[in-house]
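Please keep the model open while you read these notes. Take the points in order and find each residue as it comes up.

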2 protein chains.
Amino acid sequence: MPVKDKSKQKIGIIGGGQLGKMMILAAKAMGFYVTILDPTPDCPAASIADQHLKADFSDQAAIKKLAAKSDLITYEFEHIEVEVLKELEAAGYKIYPTARSLEIIQNKYHQKTVLKQAQIPVPDFIKIASLADLKTAAIKFGYPLMLKSCRGGYDGKGNYLIKAASELETAFAELGAGGKQLLAEKYIPFQKEISVIAARGQGGEMVVYPIAENEHQNNILLTTRVPAALPDQLKYSAEQLAREVLEIFAGVGIFCIEMFVTDSAQLLINEIAPRPHNSGHYSIEGCYTSQFEQHIRAIAGLPLGNPELIRPTVMCNILGSGQQGAAEVIGLQEALKLANVKVHIYQKKISRPGRKMGHLTATASNLSEAAHQASQAEKVIMIRGKEDSQ
Amino acid sequence: MPVKDKSKQKIGIIGGGQLGKMMILAAKAMGFYVTILDPTPDCPAASIADQHLKADFSDQAAIKKLAAKSDLITYEFEHIEVEVLKELEAAGYKIYPTARSLEIIQNKYHQKTVLKQAQIPVPDFIKIASLADLKTAAIKFGYPLMLKSCRGGYDGKGNYLIKAASELETAFAELGAGGKQLLAEKYIPFQKEISVIAARGQGGEMVVYPIAENEHQNNILLTTRVPAALPDQLKYSAEQLAREVLEIFAGVGIFCIEMFVTDSAQLLINEIAPRPHNSGHYSIEGCYTSQFEQHIRAIAGLPLGNPELIRPTVMCNILGSGQQGAAEVIGLQEALKLANVKVHIYQKKISRPGRKMGHLTATASNLSEAAHQASQAEKVIMIRGKEDSQ
C-alpha cells in the first residue's frame with residue numbers, strides 16, 4: 001500500500017474562466033486543494049477556488065507564486081509565456097501539459113511543422129514573413145486562402161479568410177501588424193469538423209473519447225453531437241491520429257484534436273488544444289468520466305477513467321445575445337422542463353454578444369432525440385446584457 | 001418569456017458538511033451564489049461557498065444574517081431551532097423545507113404521530129416521560145425494545161436497544177438525562193432496510209428515485225445498492241408511501257424516507273430526513289439527476305429533473321479508520337484503477353474512527369458487478385488519522 005496521499009497534492013490553475021471552473025468542480029469532488037491565477041476578481045472559478053491570485057497572466061512573479069503554493073500546475077488556455085514555465089520546471093515544479101508540449105502547440109507554425117514531420121496529415125501551410133510571401137502562398141494555394149496568426153488566436157480571432165487577391169494587403173496589414181508571426185494555409189473544403197478529446201497519463205497510458213461532430217458559426221463552436229455520424233473506419237482512424245498526436249507531444253492531461261473530414265473523406269488535423277475543450281463539454285453528462293475529471297486524474301498521476309459514452313449527447317453553447325451588460329439568464333425554467341436537458345451557467349458578470357456565457361447538454365436514447373431536445377432548449381434559453389446596466 | 005432570472009437567487013445553507021458541499025457543487029454548475037453558515041473554518045463546503053458565516057448553528061443572529069444575504073434558505077441537517085426559521089418565514093423569507101415541515105420531522109415523536117394519524121405504517125411507539133412509562137412500554141412491546149431520543153439523534157446516536165429488563169434503568173438514565181424527550185418503539189425484525197429518495201417542488205410536483213437497499217453497521221450506513229432486490233409490488237408500494245409522506249409534510253426539496261421491509265414483507269416507515277441523504281449519494285453517478293441537483297432545482301423553483309437510474313450502482317461510505325488525527329487518504333490510486341469507480345473525498349481535516357470521510361460509487365451493467373467493484377475499491381482505500389499528527 002503506497003503511503004503517498006495523492007489527494008493532498010495542491011493544484012494550481014493558470015486561468016479562472018469556465019474551463020478552470022469546471023476543472024475545480026471535478027477536483028473538489030475528489031478532495032483537491034486548488035489555487036487559481038486570474039486577473040478578474042469575479043471570474044467564473046473565483047468563488048470555488050481555495051485561493052485566488054489576482055494577477056495578470058503575463059505576471060511572471062505571480063506565476064512563480066502560484067507554483068510555490070502548488071504541487072502541480074496546469075492551465076486552461078495556451079497563450080502563456082513558456083519561459084517562466086520552463087524556469088519552474090528546471091527548478092523541479094511539475095507542470096502538465098509540460099512547457100515543451102505547450103511551447104510547440106501555442107505556435108501554430110511550430111505545431112503544424114512538428115505534425116508534418118511526424119507524417120500526421122495537416123493542410124498545406126507556409127510561413128509568412130512578408131506580403132511577398134503571402135502573394136507566393138496565394139499562387140501556390142489559390143483562393144480562398146487562410147491567413148493565421150501563429151500565436152494567440154481563438155474562436156477565429158487571429159484568422160483571416162482571404163477570398164481574392166484584392167484582400168491580400170489588408171489581411172497582411174491586419175494580422176501582421178507589429179511583426180506578428182503568420183502562416184498561410186491551404187483552405188480545406190470539408191464535409192465535417194470533428195474533434196477528438198483524448199487524455200494521456202504520466203506513464204504514457206491513454207484514453208480516447210468518442211468522436212464528436214462540431215458545428216461552428218462565425219468560427220465559434222455552436223453545437224457538438226456525439227457520436228459523430230462517420231463510418232467506423234474513419235472513427236478508428238481519427239482515434240489513431242489522436243493517439244499519435246498525444247505521443248508526439250508527450251502530452252499529460254486532456255488534449256483536444258480538431259480535425260477536418262474533407263470532401264474526399266480524408267482526415268486532416270486542424271488544431272490542437274493542450275487542455276479541456278469546449279467540444280468536450282458533452283462528456284460531463286455524456287460520458288462515465290468527464291474531460292475535467294479526466295484532466296485532474298491525469299495531472300495528479302491517478303489512473304485514467306472510462307471515457308465511454310453513456311448515451312447519445314448534444315451540447316450547445318449559450319452565447320451572449322443582445323447588448324453588452326450585466327448578465328441576465330432568461331428562460332432557464334423553460335429549458336429545464338425539457339427531459340434530460342442540463343444547463344451550465346458560467347457566472348460571468350458581463351454578457352457580451354457572442355461571449356461564451358454557458359452551455360446546455362441534452363442526452364437521450366438516440367442522437368436525433370438528443371438533438372431535438374437540445375435545439376428546443378436552445379430556443380428558450382438566452383443570456384443577455386441587462387438594458388439598464390450600462 | 002418570464003423575465004425573472006431564477007439563477008440569480010442567492011442560496012443560504014445552514015451547515016457546511018459533505019451534504020452542503022455536494023449541494024454547492026450542483027448549485028455552482030447551474031450558476032448560483034451560495035452562502036453557508038457553519039462554525040468550522042475549514043468545513044467541507046467552506047472553500048467552494050461564495051461566503052461563509054462562521055457561527056454556531058444555534059446563533060439566531062447569524063441565521064438572520066444568512067437570511068439577509070440569501071433569497072432562499074435550506075439546510076443540510078435537521079437539528080436547527082425552528083423558532084428563528086418561523087420568525088424569518090413570517091418576515092417573508094423563503095425556507096425550504098419549510099419550518100413547519102422541519103418542526104414536525106425533527107421531533108421523532110411528532111413525526112411518528114403525524115404519520116400514524118395519516119395511516120402511514122410505522123412501528124408501534126409510546127412517549128416516555130418516566131422510568132415507569134418505559135417499564136410499561138417493555139411490557140407492551142417486549143424485548144428487545146428500542147428507546148430513542150425524540151431530538152438530535154443521527155447514525156444511531158440517541159438510540160438505545162434494550163435487550164432485557166435489567167437494562168431499563170441504565171437506558172433511561174443515559175438517554176433521558178436532563179429531562180430529554182424520549183420514545184419507546186417496538187423492535188421490528190426486518191429483512192431489509194430500504195430508502196426512498198424523493199423530491200417535491202414548490203407547486204407540489206414530485207419525482208421519486210429508484211428504491212435503494214441499505215446495509216448498516218453499528219447504525220452507520222455502510223453500503224447502498226440500487227436497484228433494491230424487491231418484488232415490483234413492494235417497490236411500487238414504497239414509492240407510493242414516499243409520495244404520501246411528501247404530501248403530508250408538504251415538503252419542498254429532497255426528502256429521504258427510510259423504511260423497513262419486515263420479515264412478513266410489510267413496509268414500515270423508520271425515519272424521515274428532510275434533506276439530501278447519505279443513502280442518496282448513489283444518485284450522483286447512478287441517476288440522470290443527482291439528489292443534490294434535484295434539491296437545488298426544487299428549492300429554486302425550477303422544474304424537477306429525471307430521477308431514473310442510468311445503470312446499477314453501489315455506494316460505500318469511507319469511514320475514518322485507525323486513530324484520530326489529520327486525515328490521510330491511502331489507496332486512492334488503487335481504488336481508481338477499478339473500472340467505473342468514483343471516489344468522493346469530503347476534505348474533513350480530522351479523521352476519527354467511524355467518521356464519514358468520503359464515499360465511493362461503482363456503476364456497472366449489472367448490480368453484482370457494481371457490488372464487486374465497490375467492494376474491491378472499499379478494500380484498497382482507507383482514510384485514517386496520521387500517527388504523528390496528534
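1. Start with helix 10 of chain A in this predicted model. Its buried residues are Q291(A), F292(A), E293(A), Q294(A), H295(A), I296(A), R297(A), A298(A) and I299(A). That is nine of the nine residues in the run 291-299, so the helix is largely enclosed by the rest of the structure. Buried here means under 20% relative accessible area. Now step just past the end of helix 10 of chain A. There G301(A) takes a positive phi of about 75 degrees.

2. N218(A) is in the loop between strand 12 (212-217) and strand 13 of chain A. N219(A) also belongs to the loop between strand 12 and strand 13. Are these residues buried or exposed? N218(A) counts as exposed because its relative accessibility is 66%. N219(A) is partly exposed, at 46%. The cut-off for exposed is over 50%.

3. Next, check the peptide bonds. Most peptide bonds are trans. A cis bond joins Y143(A) to P144(A), with omega of about -10 degrees. P144(A) sits in the loop between helix 6 (131-141) and strand 7 (145-149) of chain A. Another cis bond joins V226(A) to P227(A), where omega is about 5 degrees. P227(A) is in the loop that runs between strand 13 (220-226) and helix 8 (232-248) of chain A.

4. Now look for empty space. Rolling a probe the size of a water molecule over the atoms shows where empty space is left. How many cavities of 30 Å³ or more does a search of the whole structure find? The search finds three. The largest cavity holds about 1100 Å³ of space. Its lining has 41 residues. Nearest its centre lie I284(A), E285(A), S290(A), I284(B) and E285(B). By class, the lining of the largest cavity has 23 nonpolar, ten polar and eight charged residues.

5. The second largest cavity has a volume of about 60 Å³. Ten residues line it, and K4(A), K6(A), G331(B), L332(B) and Q333(B) lie nearest its centre. Two elements of chain B give two or more residues to this lining: strand 17 (325-330) and helix 11 (332-337). The largest share, three residues, comes from helix 11. The lining of the second largest cavity divides into four nonpolar, two polar and four charged residues.

6. Turn to the charged pairs. Side chains of opposite charge can pair when their charged atoms come close. Over all chains, the structure holds 32 salt bridges. One of them joins K192(A) and E213(A), with the closest N and O atoms 2.8 Å apart. K192(A) is in strand 10 (190-200) and E213(A) in strand 12 of chain A, so the pair ties together parts 21 residues apart in sequence. Both partners, K192(A) and E213(A), are buried.

7. Chain B has a salt bridge between E78(B) and R275(B), at 2.6 Å from N to O. The pair links distant parts of the chain, 197 residues apart. E78(B) is in the loop between strand 4 (72-75) and helix 3 (82-90), while R275(B) is in the loop between strand 15 (267-273) and helix 9 (283-286). E78(B) and R275(B) are both buried.

8. Where does K108(B) find its partner? It forms a salt bridge with E271(B), and the closest N and O atoms are 3.4 Å apart. K108(B) lies in helix 5 (108-117) and E271(B) in strand 15 of chain B, so the bridge ties together parts 163 residues apart in sequence. K108(B) and E271(B) are both buried. In chain A, salt bridges that share partners join K108(A), K112(A), K148(A), E185(A) and E271(A) into one network.

9. Finish on the surface. L161(B), Y187(B) and F190(B) form a nonpolar patch there. Together they have about 220 Å² of accessible area. Y187(B) is in the loop between strand 9 (182-186) and strand 10 (190-200) of chain B. With a relative accessible area of 34%, Y187(B) is partly exposed.

Key. Residues are numbered from 1 along each chain as its sequence is written. Chains are lettered from A and ligands numbered from 1 in the order in which they are written. This is a predicted model: local features need pLDDT of at least 70, side-chain atom pairs count only at pLDDT 80 or more; totals for chains, interfaces and linings use all residues. Side-chain values use heavy atoms; hydrogens and water are left out. On a 1 Å grid over the protein atoms alone, a cavity is a set of points where a 1.4 Å probe fits but cannot get out, and a pocket is an open set with protein on both sides within 12 Å along at least five of seven lines; lining residues have an atom within 4 Å of a point. Grid points are joined across faces, edges and corners, and a volume is the space filled by probe spheres set on the points. Ala, Val, Leu, Ile, Met, Phe, Trp, Tyr, Cys and Pro count as nonpolar, Asp, Glu, Lys and Arg as charged, and the others, Gly among them, as polar. Helices (H or I, at least four residues) and strands (E, at least two) are DSSP runs, numbered from the N terminus. Patches are made of residues with over 30% relative accessible area and no salt bridge: like charges are joined within 9 Å, nonpolar side chains (Val, Leu, Ile, Met, Phe, Trp, Tyr) within 5 Å. Accessible areas come from the Shrake-Rupley method with a 1.4 Å probe; for residues, only the protein chains shown count as cover. A salt bridge is a side-chain nitrogen of Lys or Arg within 4 Å of a carboxyl oxygen of Asp or Glu. Buried means under 20% relative accessible area, exposed over 50%, partly exposed in between (1.4 Å probe, protein chains only).
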